[in-house]
Amino acid sequence: MAPTLPTAPQTFQVYDVTLRDGSQQEGMQLSVNDKLRIAAYLDEFGVGFIEGGWPGSNPKDSEFFRRATSGELELRNAELVAFGMTRRVGGRAADDPLIAALRDSGARVATLVAKSHVGHVANALHTTLEENLAMLRDSVSHLRSEGMRVIIDAEHFFDGYRLDGAYALEVVRTAAEAGAEAVVLCDTNGGMLPSWMGEVVSAAVELGAPIGIHCHNDSGCAVANTLAAVEAGAMHVQGCVNGYGERTGNADIISVVANLELKYGWKVLPEGNLAEATRTAQAIAEITNVPAGPRRAYIGTSAFAHKAGLHASAIKVDPNLYQHVDPALVGNDMRMLVSDMAGRANIQIKGEQLGFDLSDRTLAAELTDRVKEKELQGYTFDAADASFELLMRAQLGQLPDVFTIKHWTTTSFADGENDADIVSEAVVKLVAQRQVQYFVGEGNGPVNALDMALRRALTPVYPAVDGYELTDYRVRILDGSSGTEASVRVLIDTTNGERTWTTVGVGTNVIEASWEALCDAYRYGLIHLLENTVEPVGARGAASPVDALA
Ligand SMILES: [Zn+2]
């Protein structure tokens, strides 16, 4: 017998908290660039809201909002949300500096955390229950009067409800009456069970307030609790990509969304976007440098992997006998290896986005094979668009020769008697614009020294490289199961002050992998520099304008 499925509410909100709550995960360090790139992926995936952080609480979050709202982040699907808290005890929202930071963040939506647990009002805020409600009312009305949309996160709601249900519900009512468009019930300690959700969420829904849900995974039930809340009437779900978050993490937003779409049959993302789930989750994992984990539901590399053997032939005849959904629906693959870019159609789309004509099926198929081959070696191109473009150009015969490396070497040694002063030197010999360049670089490590030497060798021919800055450098040790020699993957972010690009290198050691990513970084920057400074010659054809310079 088929289960009875809940019907979708008229409005339903998918709200991502990866950039704030998710980034609390132990060991995760996100730069402003990382956050901007993650936000772009989330928007492309189609979430309705992206919580960017807490402007005014730390310089990094303030910078993120400044850059995100001044043109660096173009959102097509999502609203950027500034997170903060209700005004200070005894003050006025209109005079509160942190409320002012939300107002001035450039975001059109603010989410305020509010206390709904009587114990936390007394012991954390040190104020009265009445003042807590007044703070909530004043903060919401003020931001609404300033033209912002407001969402309330009712912190510790479920534990608070158990202690004093009437007060917890009063918080919900107050927030809704003051103009909050969603009041989000937070299982902050993450200890709820699905069968406990219904009664509490229903009580809040019955107030007539629009209810949201925010679950942590301490009982291992974050996704299940989220669905239970939705079934009880919640119209807004919060979560993090790959279940990131402190302790055991937040509800995995992709699992939640996939369940709503594939199990309930609801439409909560733009049409067709769920098929981007795997690509999105894996690309974000590359940026955070925190792997999604092979066994993660829907998007993990093992999520639809089967051991060959007894069932293999039956799987071939009818794969649906051995899987709960068609993996293609979430962009995953039944095979062991997920290829982020797999599929000719994806490659063609990607190529077109970068301005290349890949309509020739044979060409596209050859490029696809090349990408798969490289991915087997450990490359990842979803998070390294610049290296993908170079690979594509090489395959299409449109890779201008901006420089050719003749040789490179690097050595590290202790300088003098003090072993702590390790110095690295590098030598790079290359040919650029028919000139041989031979330079030495020194740095605090071999990669830094190589960068210095390469930069020096290129500067006489291309003075612009002086303005290139390496903004991020990430190393991933590849697991041994891939059966290749490669063991290290390096991703490098480079900026010329106007835009940032990412390149990838793979090798048996970190220096080799870094060198490849480094050369790609300069090569990509120079190709674009030269293409933009020569006369446009229409579409990029076989005779690239740069060939003339080389
Ligand atoms: Zn949380």
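This is a predicted model: local features need pLDDT of at least 70, side-chain atom pairs count only at pLDDT 80 or more; totals for chains, interfaces and linings use all residues.
The largest cavity holds about 40 Å³ of space, and the structure holds one cavity of 30 Å³ or more. By cavity I mean a set of points, on a 1 Å grid over the protein atoms alone, where a 1.4 Å probe fits but cannot get out; the points are joined across faces, edges and corners, and the volume is the space filled by probe spheres set on them. Residues are numbered from 1 along each chain as its sequence is written, and side-chain values use heavy atoms, with hydrogens and water left out.

The lining of that largest cavity is made by E286, N289, R474, V475, R476, R489, V490 and L491, a lining residue being one with an atom within 4 Å of a point. The elements that contribute two or more residues are β12 (469–477) and β13 (488–495), where strands are DSSP runs of E with at least two residues, and helices are runs of H or I with at least four, numbered from the N terminus.

Let me turn to the metal. The zinc ion is coordinated by D21 through OD and by H214 and H216 through NE2, at 2.0 to 2.2 Å, and along the chain these donors follow the spacing D-x192-H-x1-H. D21 lies in the loop between β1 (13–16) and α1 (32–45), whereas H214 lies in strand β7 (residues 211–215), so the pair ties together parts that are 193 residues apart in sequence. Donors are N, O and S atoms within 2.8 Å of the metal, or 3.2 Å for Na, K and Ca, and since water is not among the atoms, sites may look incomplete. D21 and H214 are both buried, meaning under 20% relative accessible area, with exposed being over 50% and partly exposed in between, for a 1.4 Å probe and protein chains only.

What about backbone angles? Most residues other than glycine have a negative phi. H156, however, has a positive phi of about 50°; H156 sits in the loop between β5 (149–155) and α6 (157–163) and is buried, with a relative accessible area of 10%. Y298 likewise has a positive phi, near 70°, in the loop between α11 (277–288) and α12 (312–317), and counts as buried at 4% relative accessibility.

Finally, a contrast in exposure: R88, in the loop between β3 (79–85) and α3 (97–103), is exposed at 54% relative accessibility, and its C-alpha atom is separated by 7.3 Å from that of M135, 47 residues apart along the chain. V118, in helix α4 (residues 118–125), is buried at 17%.

Conventions:
On a 1 Å grid over the protein atoms alone, a cavity is a set of points where a 1.4 Å probe fits but cannot get out, and a pocket is an open set with protein on both sides within 12 Å along at least five of seven lines; lining residues have an atom within 4 Å of a point.
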